[in-house]
Structures are given as C-alpha cells and as structure tokens.
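Visitor: I should like to learn how to read a model of this kind. Might we go through it feature by feature?

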Amino acid sequence: MLDTLLPILLFSALALAAIGAVRRVRLWRQGRPSPVPTISGLMQVPRRYLVDLHHVVERDKYISHTHVATAGGFVLAALLAIVVHGFGLDSTILAWVLLAATISMFIGSLLVAKRRSPPPSRLSKGPWMRLPKSLMAFSIGMFVVTLPTAGILPEGIFQSGAGWIAALVLAAVIVWGLGEMFFGMTWGGPMKHAFAGALHLAFHRRPERFSNRAGGEHRSTGLKPLALDDDRTKLGVEVPADFTWNQLLGFDACVQCGRCEAVCPAFAAGQPLNPKKLIQDMVVGMAGGSDANYAGSPYPGKPVGEHAGTPHGPIVDRAGGALVDAETLWSCTTCRACVEECPMMIEHVDAIVDMRRFLTLEHGNTPNKGAEVLDNLIATDNPGGFDPDSRLHWAADLNLPLMADKREAEVLLWLGDGVFDMRNQRTLRAFISVLRAANVDFAVLGTEERDSGDVARRLGDEATFQSLAKRNIRTLAQYRFSRIVTCDPHSFHVLKNEYGELGTPETPADYHVQHHSTYINELVLADKLTFKAWKGGSVTYHDPCYLGRYNGEYEAPRDVLRALGIEVKEMARSGYRSRCCGGGGGAPITDIPGKQRIPDMRMEDVRETGADLVAVGCPQCTAMLEGVVEPRADIKDIAELVADALIIKTPDDKATQSKPAPAASRTVLEATP
Amino acid sequence: MPHDVSNTNAKSSTPSGLNVTVLVSVGRHPLTARARRSDQDARAVEMALTLQSASVSLLHAGQQDSENEEAIRGYLGMGIDSVDLIEQKPQADVIPALAKALRASAAQLVLTGTRAETGEASGITPYLLAEALGWPIITGLAAVEKIEQGTAVVLQALPRGKRRRLRIRLPAIATVDSSAPPARQSAFGPAKRGELAIHLEPSAIDEALGTWHIQPARKRPKRLKIVKSSSARDRFKAAAAKADGGGGQTLNDVTPEQGAEAIFKLLKEEGVLR
C-alpha cells in the first residue's frame, strides 16, 4: 500500500506547493517593478546562502549548527525522497544516504525543540512552536519508510498484519511532515522562510551587499535616491503595494527569529517599535488581513490585533488604526542594528525611510520638531535655523584657511553643523590643533558649507536632501583636494555613500572621505604625531552607528586609542553590535516617548565596564551621552584625547615651521583676483 | 498638533459651506532673505483650513517668476489644490486687481496676514481692500469660533495674551498675526503638483513706488532702560513690568459717535490730521 500511496502523497504535496508558490509570487508582484538579473541572481543563491547568510547565522553557534543539520538534512532528504520514493528508484546506496539525511534532520529538530523549551521572548510562538514537531514527523516518517528500501527491514513488512496498522500510522506522520515542509512552505507556514528566503537572496535589492570570489568590502548602506522629477508618481510608500516587489519578497522571507528585536534600541527603550513586528505587519498588509495572528512580542504599549491593512490600503492613517501607527516609524534611529543582525538580509531601515518619505513629502506630517528642522534646513541650510554667515564665528581666533582663498588643499576639512554647537566646537578645535601639529595642508569651506542633508534624508525629506547635496556638490567641484576629512560620521556617510549617485558628469561626487579617527590613525602610522603617556583612568569606546555598521570602521579609532597608550575596556555591545546612542535618524527631533531613554541605556553599558571615560567619535553621540545625568563616565571625542596628549614641538621648531604657512597663504591670497 | 487636523474640510467644498479666500504673498526669510511662504499668511491659510465646512481658495497678485512660484507653491503644500495668481507688473498697485477679483468671487470671509514680508510691507493692503469693497475689517484674528447666518463670532488677539470676542457681519476681511496658531508643514509632493491658475489683469502702476529706493530693513538697537536700584527685586520688577503708554485712555460703553470723536481728537493732537 505504501508503495502506491507514497508517490501520490509526494507529488500531490509538490503540486500543492507549486500552486502556493504561484499565489505567493503574485502577492509579491503587487509591488512596484524593480529590474533584477533573473538567471545570474538565481545562480548566486548557493554562494549567498552558504557564505553571506551563514556568516550572519554563525554569530549564534548553536543555531548555526542546528540549521546546518536541519536544513541540510531536509534538502537532501527531500530530494532523495522524490527520487527513491516518488520515482521508485530502488537503490540501496541512495536509501542509506536518505537515512543519514533524515537522521541529521532529526538531530537538528531535537536542537530546535530544545531551543524552544521554553522559548526566549524574542522568538515567535504560535505556528512556530509546532515546527520542531513537524520536522521530527518528516524525518521520522521518511526514516522509517526508507528502512525496507535500505534492506534493514524486510521488504513488504508493511503489508502484513500489524504492518498494516503501522503503515497507516506512518502515512499519517508523513502527511503531517509533507504538509508542513512542502505545502506549508508556499502557503504561509513557518517554512515559508526557506522558499521566500532563497528567492530573496537571488533578487535582493542590494546585490552589492553580497561577497564574491574576488573578496574586498561588501557593504551597501546608502539610501536609494527617490526620483523627484516625475509629477504623477507619489513620493514614498503609502500602501504596501508601493514597495518594490523584491522589497515585499524580502519581508516575506522573515523567519521571525527576533534577533532584530533583541538589538533594537527603540524596542529596548519601550518606544512603540519592534523591527520584527514591523516586517510582519508589511507581510500582513501585502496579503491583506489583521495582525491578530502575530505570535511574537508586540510594539511596546500597542496590543496586537488592533491593526489591519490591505495591499492597496494606507499603511499609516492619520487617525491611527491602519497597518502601523506613525510613531512606530518615527521611533527608528536608523542605527541599522536590525539589518546587521538579520540572518535573512532584510532591509528594515530602507522600508522605514520609504514610509517616512511618504509621510513627510506627501502628508506633510513630520512629528514634533521635524517640520521646524526641515523648514530651517530649507531656509538657512542648517537644522538650527542659525544665520549661515555665522558658520565660522566659533573659529574667529583660529585663522582657518578657507578653500575660497586657497583653491586647493591636501585635506578638505568638513566641519558639519556641529559648528553651531558649543560642545562640538571643542572637538573641532581639538582636531584642528592635531592637524596643525602634524603640519597638514588643510582648508575649510567656511560659509560655503551647508548641512550634508543627513537629517533631512532620514526624516524622509528627500527633496531637501537632494537640494542640499546638489549645492554642496557644486561647491566642492570648484576646489581641488585629495580627501575630505570630517569629525561627523553622519556627514562622512552621506558624503561617501550617498552623494555619488547625485553627481553629474561635469561635477562627479565620488570623494575619498575619511572619518577623523581614520585620518589621525594615518598620521600616527606616518609618525607625524608624538604623544605623552596616558595618565587618565580606564577608557571604553562607543562605536558610532554611522562609522561602524554603516562604514565598517571599527579598528582605526581603537588603534588611535592604543597609540595613546590606552587599553580599551570593551563594552558587552561593541563593534558591529554597538548599541545606538539614540541620536541618529532624526530620533531626537521626532522624539517619540518610551519608557526609558536610549542614551541612559548606553551609559549603563558604559558603567558595567567600570570605565571612567567614554571615547566617542560623533557629535550626536557626544550630545546624547553627555545628556545623561551624573554620576557617569566623562565623554570625550577621540580628537580631544589626541589633542590633550600631543607633544607640541619646542618653540623654536614651531616658529620655523609655522611661519612659512601664513606667508604661503598670503601669496595665494594675492594671486587670486 | 495642527498637522493632525484633517484637511478634508477644505477639499469637500459644499455649495452651502462658507467661502473663504486667503490672500497670500511671497515671504522672505529674516536671516537669509530667501523667498518662502509668508509666516502670517501661512497662519491665515492654516486658520482657513481648520474652519468647519469651509471651501478655501487662495489668491495672490504679483509677478510670476521662478522664485516667487516656489514660495507660492509652499502654500499649496499645505494641502490645497490650486492658487489663483493674478499676474501684475513689479511696480503695480495690487489693490484694484485684488478688489476686482474678490468682488467677482463669492468670498464671504477674506483672511490674510497683517503685513507682507517684502515690498512696502506697510500693512495697509487689507485696509485699502476693505475700503474698496466696503467691508468691515478686523485685525489680529486669533480664532474663528463659529459662523452662522451671515455673522461670525471671532476672537481678536490683544497685547499680552488678552482676547476679545467680536461678532462681525460677513462678508468681512480679517488679518492674522503671530498670535494665530502656527501653520502646518508644507509637503513637497502636493506643492509640486498643485495648480497655479494664472489670470492676466492690467496692472495699475504705482508711480510713486517707482521713485522709491527699497533696501532691507535692519533691526535698530534698542535703548537700554537703566534701572538705578540696588535691590534685585526692583530690577526684576522693572524688567518684567508692563511698558505703560501712560497717556492712553480707555473708552467703555460709548456711542460710535463719541468713539469717533475721541479718535478724531487724538489724530489731530498727534498731527496726523490737520
């Protein structure tokens, strides 16, 4: 009986899976078009899975072993089952391999079950709780049914007496297993992640994120520009169908592991955001329905079951009650911790900014100080609404060389909007003293500089970002410099990764941009700086999101600290897992209330290390962390630490070295009309 | 928050609803002198948009160039579909054109800022318009409380946060100053897509204006009030005290004739009238 039943079961499960796959693909194709290389994308899947995805999964050794055993066992067992039992190929060797595959899968499913007893809060419950049992059903069923083929049990054992009953039980177990593994894969069960995930890897919106054989850096963190010229299309994402189809596919690939939830600073602070829930809400919107079936942690303070949506219905409603509430989107600090942790390579931040773009550009509904900041950026080119002509007032005594006078310099020092902030002015002064100590040929844009557009872009105001960026690019095009150095990782990121696409053939915007910590490290390596011995207390280092996760610079700041003689006491969450200070993405401007403040949590991380001082490399981080009430560790920018430790050469040396500099600048001054 | 107020009222222009016309001008940022929506005019638009069942139309008279257009589009970004733009020469007196357009429209309430941020910025336009149309004018509107049977009950803002409730007969002109609620955010998409309905009108050239030399106003330094007192309490009182005019006179419960008489007398004393 089983010999006839098994092929029928297998092929009908496969047929149903195929029908489900077509339905699922049609759900994704509701999205906006986005051209992808179909064949070469599909060819990339094994490498992207085995190398890039596994690289992320492997950060949790337990689940990586579990997944290798389970998924590897399942893929092999499923293929062999189709050959051996579906087509009835009577091969003892294949049957033995099939047995081995099911054993591997069974061991994996035991590990899955162990992890879920009891499940940690970040994991989703509901249908996910039955998954280990379903995995066992499939593996045990396939194992037992293969025993006669492998010759371990006599052929025909299931056709006699008690064997009939055993066969019926076995058939039921196999139906369960096939139902979850084949049917459920395309009809929305937990195994959907395998089907959607494989295609998501093939058609990812940022293919440059994945490594290739040539090696090198593979990072893609700049936001995609929005076409503003087309008068008919709406700007940003209003309804789920406004996402590109491969974004929808990406949402559907979510395996609800909750790693994003575990690292999200807004979620930890009790703000109404949970990246996992957000992605699930997008899936709910794409398929239509309510979030009542969601079985993970909700948005803090927002019970599950009150929100619903459709593919062509608004995601955010002014009155609330649509798919998500606006404050969920405005809680994000764009720290990218979720994207960094996501084993399915889902792009949460892109999705959030896409939806913010609609709220700002079409609704005109940026919360709290958002509208004021954007108006200031439009009218005065800086978020504070300060007189743009007063940009250099803080440096009245520094006699900074201006690009407008020099026309060219080795280093263009991008000062950023921190020039209006008294705390950041100390950092800038420190860095300038470092540059002068190393005799660097540098110049600043002065009043020609504008806000880089970072805040405008993260607040969804792509129009203001592009306007600022294009004017900055035109300004930069007038001057010759070999690199841009800045103390602000946000400007650094935008100049380095987001201006390029706005350049034109006449004014290309591909700059060599460096964070000041990287540049100081170069100066140290070139022996241009000499330091006193470090006499302070213990120091920890806070990685800025836009320097670390966005641009992969983890080492240079630590190297500089080491060169100062400081041994860094690392926080539990540092490097790519660094916790955001709460200052990015316009979060301090939109200021969505939570149960606690993100910088307070970060200073608690600092306190656990026992460090007396936090070294930072970002004006936002400085402001956010210094806003934490005392007693707490001191906060100092790396530039300040370096400047404090500088050994300035003897007055005689200095005089001979510094005198030619002003003279040189004067000759340049005369040369220019 | 003003942004949360649904602007569907403005769009559902029922024939029975109130017709509100807002006169808008090209503003100028105080620090950078960039063209923008004028702050007070934008507050007027905001007030019109929050009125129940009002149909709002925007009217601007002036020259049409790219910088001005961007500023005018700022008002469209508040959620309005189109603005009527009466094209005028740079040195035109816009009063006749505006009066003609308002007479031809069915406007019952005309809102505008107290004074423009560019040009003469004398703040006299609403008065001249009211005179030309023969409508009452009310200044410093803080809120419109209700509108029924051809009259409106409004709150007028007085100095130091005082409010006065007034009942005015429509049609009327009302000016809005900084005591009105702030304008909502202007969204880029609607601003770009909104329509500028351009009407050509002959310009009444203001001959006098042509001879004027216009330059940006500069803030004059204020004379410091030096308080000779040793006690901090006295200095604080002096700093926080009302700047009393001294010579003023409050008239309560007087007939219009008596009131007019008092004003007439004051104007003669001050040498405004001879």
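**Reading the model step by step**

Guide: Let us begin with the layout of chain B. The centres of domain 1 of chain B and domain 2 of chain B, taken over C-alpha atoms, are separated by 31 Å. Domain 1 of chain B covers 2-210 and domain 2 covers 232-270. Please bear in mind throughout that this is a predicted model.

Visitor: How is chain A divided into domains?

Guide: Chain A has domain 1 (2-205), domain 2 (254-363), domain 3 (374-525) and domain 4 (539-645). Between the C-alpha centres of domain 1 of chain A and domain 4 of chain A there are 44 Å.

Visitor: Where in chain B is confidence lowest, and where is it highest?

Guide: Where pLDDT is low, the predicted coordinates should not be read in detail. In chain B the lowest confidence falls in helix α1 (residues 8-11), with a mean of 38, and the highest in strand β11 (residues 172-176), at 96. Residues 1-15 of chain B have a pLDDT below 50, and this stretch makes 30 contacts in the model beyond near neighbours in sequence. For chain B the mean pLDDT is 86, with 92% of residues at 70 or more. The scores of the model are ipTM 0.87 and pTM 0.90.

Visitor: What does chain B contain in helices and strands, and what does its C-alpha trace span?

Guide: Chain B holds 9 helices and 13 strands. Its C-alpha trace spans about 65 × 45 × 45 Å along the principal axes. Of its 274 residues, 37% count as buried. Among contacts in chain B with a separation of 6 or more, 74% come from residues 24 or more positions apart.

Visitor: Why is strand β1 of chain B described as largely enclosed?

Guide: In a regular strand the side chains alternate between the two faces of the sheet. Strand β1 (residues 18-23) of chain B has 5 of its 6 residues buried, so it is largely enclosed by the rest of the structure.

Visitor: Which strands pair with β1(B)?

Guide: One partner is strand β4 (residues 54-62) of chain B, paired in the parallel sense over 6 bridges. Another is strand β7 (residues 109-113) of chain B, which runs parallel to β1(B) and is joined to it by 4 bridges. Val20(B) shows both pairings: its bridge partner in β4(B) is Val56(B), and in β7(B) it stands opposite Leu109(B).

Visitor: What is the strand order in the open sheet of chain A?

Guide: The order of its 4 strands is β4-β3-β5-β6, with parallel pairing. β4 (442-444) and β6 (513-515) of chain A each have a single partner strand, so one side of each lacks a neighbour in the sheet. On average, neighbouring strands of this sheet are turned by 35 degrees against each other, direction ignored. Helix α20 (residues 489-498) of chain A packs on the sheet and touches β3, β5 (480-486) and β6 of chain A; its direction makes about 160 degrees with that of β6(A). Strand β3 (residues 408-414) of chain A runs parallel to β4(A) and is joined to it by 3 bridges. There, Leu412(A) stands opposite Ala443(A).

Visitor: Finally, is His348(A) buried or exposed?

Guide: His348(A), in helix α14 (residues 348-363) of chain A, has a relative accessible area of 3% and is therefore buried. A polar atom of its side chain lies 3.3 Å from the backbone oxygen of Ile346(A). Beyond residues up to four places away in sequence, His348(A) touches residues including Cys260(A), Cys338(A) and Cys342(A).

Technical notes. Residues numbered from 1 in each chain as written. Chains lettered and ligands numbered in written order. Predicted model: local features only at pLDDT ≥ 70, side-chain atom pairs only at ≥ 80, totals over all residues. Heavy atoms only, no water. pLDDT = per-residue confidence, 0-100. Helix = DSSP H or I, 4+ residues; strand = E, 2+ residues; numbered from the N terminus. Contact = heavy atoms within 4.5 Å. Domains from an automatic or database assignment. Pairing = 2+ DSSP bridges. Axes fitted to C-alpha atoms, helices over the stretch in contact; angles between N-to-C directions. Buried < 20%, exposed > 50% of the residue type's maximum accessible area, 1.4 Å probe, protein only. Polar contact = N/O pair within 3.5 Å; in protein donor to acceptor, adjacent residues only side chain to side chain.
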